[in-house]
Structures are given as C-alpha cells and as structure tokens.
Amino acid sequence: MSNLEEHEDVNQKYQLDSQSLREYQVILSSGEQIYILAANSMDAAYSALELSEDRNVTLLNVSQVDEW
C-alpha cells in the first residue's frame, strides 16, 4: 500500500459526519459553561480535560445535552 493510500485509509477511518457528533456541556471551576461536539462521551471527556488544562482551571462536569 502506498503512502497516499494509507493516508486516505486513515482519513476515512476517522472521518465523521455531523450526524455522528453529539453536543456536550462542559462546566469548569471558573464558572464557564462551554458546549462542544464529540463523537462519544470519552472523546468529550478528553476534549473537556484539555480545555480545562489550557485555561488552568478544574474540570467539574461533562454531560451530553438532551436532544429534542
């Protein structure tokens, strides 16, 4: 398999369409409430942790926003 084929294969593996993303609410110790999109709760948790570390605050909660 060529490098280009490998690259395309990896891109297809991780490609997400907007329907597969869910909205999550992140609450930080600073009082900020941030909304993020993630494929699942694990991805949301890791993204929220990165956000809290970037802002030097504590991550308090991550929860999926209810769909209507």
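Me: How many salt bridges does a search of the whole structure find?
Reply: This is a predicted model, and a search of the whole structure finds one salt bridge. The side chains of Arg55 and Glu32 meet in it, at 3.3 Å from N to O.

Me: Which parts of the chain does that pair link?
Reply: The pair links distant parts of the chain, 23 residues apart. Arg55 lies in the loop between H2 and strand S3 (59–64), and Glu32 lies in the loop between strand S1 (22–28) and strand S2 (33–38).

Me: And is Arg55 buried, partly exposed or exposed?
Reply: Arg55 is partly exposed, because its relative accessible area is 38%, which falls between the limits of 20% for buried and 50% for exposed. Glu32 is also in the partly exposed class, with a relative accessible area of 30%.

Me: Going back a step, how many helices and strands does the protein chain have?
Reply: The protein chain has two helices and three strands. From the N terminus on, the elements follow the order α-β-β-α-β.

Me: In what order do the strands sit in the sheet?
Reply: The three strands form an open sheet in the order S2-S1-S3, with antiparallel pairing. S2 and S3 are the edge strands, each pairing on one side only. On average, neighbouring strands of this sheet are turned by 25 degrees against each other, direction ignored.

Me: Over how many bridges do S1 and S2 pair?
Reply: S1 and S2 pair over six bridges, in the antiparallel sense.

Me: What about S1 and S3, over how many bridges do they pair?
Reply: S1 and S3 pair over five bridges, also in the antiparallel sense. Ile27 has Asn61 in S3 as its bridge partner.

Me: How many residues are between the strands in the hairpin of S1 and S2?
Reply: There are four residues between the strands of that hairpin, and Gly31 takes a positive phi near 95 degrees there. Glu32, the salt-bridge partner of Arg55, is in the loop between S1 and S2 too.

Me: Which residue has a positive phi although it is not a glycine?
Reply: That is Asn56, with a phi of about 55 degrees. Asn56 is placed in the loop between H2 and S3, the loop that also holds Arg55.

Me: Why does Asn56 count as exposed?
Reply: Asn56 counts as exposed because its relative accessibility is 70%, and the exposed class begins over 50%.

Me: New topic, the surface. Which residues make the nonpolar surface patch?
Reply: Met42, Tyr46 and Leu49 make a nonpolar surface patch of about 320 Å². Tyr46 belongs to helix H2, which covers residues 41–54. Tyr46 counts as exposed because its relative accessibility is 52%.

Me: What share of the 68 residues do buried residues make up?
Reply: Buried residues make up 16% of the 68 residues in the protein chain.

Me: One last point: among contacts between residues at least 6 apart in sequence, what share joins residues at least 24 apart?
Reply: For the protein chain, that share is 39%.

Conventions. Residues are numbered from 1 along each chain as its sequence is written. This is a predicted model: local features need pLDDT of at least 70, side-chain atom pairs count only at pLDDT 80 or more; totals for chains, interfaces and linings use all residues. Side-chain values use heavy atoms; hydrogens and water are left out. Patches are made of residues with over 30% relative accessible area and no salt bridge: like charges are joined within 9 Å, nonpolar side chains (Val, Leu, Ile, Met, Phe, Trp, Tyr) within 5 Å. Accessible areas come from the Shrake-Rupley method with a 1.4 Å probe; for residues, only the protein chains shown count as cover. A salt bridge is a side-chain nitrogen of Lys or Arg within 4 Å of a carboxyl oxygen of Asp or Glu. Buried means under 20% relative accessible area, exposed over 50%, partly exposed in between (1.4 Å probe, protein chains only). Contact means heavy atoms within 4.5 Å. Two strands pair if DSSP finds at least two bridges between them. Axes are lines fitted to C-alpha atoms, for helices over the stretch in contact, and angles run from 0 to 180 degrees between N-to-C directions.
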